[in-house]
Amino acid sequence: YEYVMHIEDGIKLNYFDINLMFTEASAKNLDICQASLVGKNISHDQIRNIPNSDHRKTNFVEMRMPIFKMEFLKNTIYEILKNYFDGLGLTSGWGLDIHWSQYAIKNNLQILLQNKVQKTYIVFQNIKKNSFLEKNRRQ
């Protein structure tokens, strides 16, 4: 594969948009990209969708749905993870998106938000306490 995507379970996105993101990433030779966000659950304002814009450069791609060029992963992810976990003594992936974004910018890599594709993050609310999903999300 030329590109891979990590997608979180709370992302609302259709098949056509996923294909468009991969096509755009390849056409623009991007190292990291993601769709812009619409809706209420936007954790970082800089990834909010800008209407009437196809794409824009950014200094941040979040953890919820990055698309990585395989070459980027092969050449850099080990170094990023080693520095992140060993250097900081961390045991979770929280904040990892900040590190890969900083690495991309420091090394003049192509990092972009795709405004053509808009994603919505769904916060799971009103889930019964005994439901399968709720039990597994706590682990």
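Setting aside neighbours within four places in sequence, Thr 58 contacts Ile 105, Ile 111, Leu 112 and Leu 113, where contact means heavy atoms within 4.5 Å. This is a predicted model, in which local features need pLDDT of at least 70 and side-chain atom pairs count only at pLDDT 80 or more, while totals for chains, interfaces and linings use all residues. Residues are numbered from 1 along each chain as its sequence is written, and side-chain values use heavy atoms, with hydrogens and water left out.

Thr 58 sits in the loop between strand S4 (55–57) and S5. Helices (H or I, at least four residues) and strands (E, at least two) are DSSP runs, numbered from the N terminus. Is Thr 58 buried or exposed? Its relative accessibility is 13%, so Thr 58 counts as buried; the cut-offs are under 20% relative accessible area for buried, over 50% for exposed, and partly exposed in between, with a 1.4 Å probe and protein chains only. The Thr 58 side chain also reaches the backbone nitrogen of Phe 60, at 3.2 Å.

Now S5 itself. Strand S5 (residues 67–69) runs antiparallel to S3 and is joined to it by two bridges; strands pair if DSSP finds at least two bridges between them. Phe 68 in S5 is the bridge partner of Ile 32. In S3 (residues 32–38), six of the seven residues are buried.

Last, Leu 13, in the loop between strand S2 (11–12) and helix H1 (15–27). Leu 13 is buried because its relative accessible area is 19%. Beyond four places in sequence, Leu 13 touches Ile 18, Met 21, Met 65, Val 117, Gln 118 and Lys 119. Leu 13 and Lys 119 are 106 residues apart in sequence, with 5.7 Å from C-alpha to C-alpha.

Methods
A polar contact is a pair of N or O atoms within 3.5 Å; within protein, one must be able to donate a hydrogen and the other to accept it, and residues adjacent in sequence count only if both atoms are side-chain atoms.
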